[in-house]
Amino acid sequence: GNPRAGFEYGLMMDVNFTENYILATGITVTMAGGNLTYTDSFLMKILADSLFAGDVAAKFKLQYLNLPLVFKMRTKEIGQFRYYGGLGLISAFRFKARADAEANGTQIFDNDNIVKNKDQTGGVFKSVVYNLSLNVEGGMEFPFSDKTALVAAIFYRNGFVNVLIDRDEDKISLNNLGLRIGVLF
């Protein structure tokens, strides 16, 4: 599949065990998805039978409520900055899933809800409710007062769960590479 831009927002909280060892948790909402082209698959045989010739191109739009648990190790101040690395798990619960699909220029699905897949997509796609990802991140904090800091981080999430079941044998996981910017107070 091809990557697709996404967005995440929410509230995070750092629980300090010591000044340098921290558990980060909170609640966030992720809007993600991807583009897939089915060239020779069970799905294509269902959707692109005699009515549609050619490949099936599908675009998925998924929204998740995330509950992260990330262990962070932070340096003491180096110059004006503090640096950290983090490793943890993100539990995510899908609350919205939509799909667009077309074959040879003919629209098969148009922003159809794949949560209720039997009603609107004939059971072809199914979006799984729970996702679990490994989260690896690195970042820095720039304090601009005693209790407030600007935070910037790069993170990578590797999904363990097959988030879309399309009646094929393929595993479709949700992997993210992102930039986080926020204020720590």
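The dialogue below treats aromatic pairs, a surface patch and salt bridges in turn.

Me: What kind of model is this?

Reply: This is a predicted model, in which local features need pLDDT of at least 70 and side-chain atom pairs count only at pLDDT 80 or more, while totals for chains, interfaces and linings use all residues. Residues are numbered from 1 along each chain as its sequence is written, and side-chain values use heavy atoms, with hydrogens and water left out.

Me: How many aromatic pairs are there?

Reply: Rings of Phe, Tyr and Trp (its six-membered ring) pair if their centres lie within 6.5 Å; planes under 30 degrees apart are stacked, over 60 edge-to-face, and the rest tilted. The count here is five aromatic pairs. One of them is the tilted pair of Phe81 and Tyr83, 6.3 Å centre to centre with 35° between the planes. Phe81 also forms a tilted pair with Phe142, at 5.3 Å and 40°. Phe81 lies in the loop between strands E3 (56–74) and E4 (82–103) and Phe142 in strand E7 (130–143), so this pair ties together parts 61 residues apart in sequence. Strands are DSSP runs (E, at least two residues), numbered from the N terminus. Phe81, Tyr83 and Phe142 form one aromatic cluster.

Me: Which elements give two or more residues to the nonpolar patch?

Reply: A patch is made of residues with over 30% relative accessible area and no salt bridge; nonpolar side chains (Val, Leu, Ile, Met, Phe, Trp, Tyr) are joined within 5 Å, like charges within 9 Å. The surface patch here includes Phe144, Leu150, Tyr156 and Phe185, and its residues together have about 1100 Å² of accessible area (Shrake-Rupley method, 1.4 Å probe, only the protein chains shown counting as cover for residues). Strands E8 (149–159) and E10 (176–184) are the elements in question, and E10 gives the most, with four residues.

Me: How many salt bridges does the structure hold, and is Arg157 buried or exposed?

Reply: A salt bridge is a side-chain nitrogen of Lys or Arg within 4 Å of a carboxyl oxygen of Asp or Glu. The structure holds eight. In one of them, Glu8 meets Arg157 at 2.7 Å, N to O. Glu8 is in strand E1 (7–16) and Arg157 in strand E8, so the pair ties together parts 149 residues apart in sequence. Buried means under 20% relative accessible area, exposed over 50%, and partly exposed in between (1.4 Å probe, protein chains only). Arg157, at 5%, is buried, whereas Glu8, at 25%, is partly exposed.
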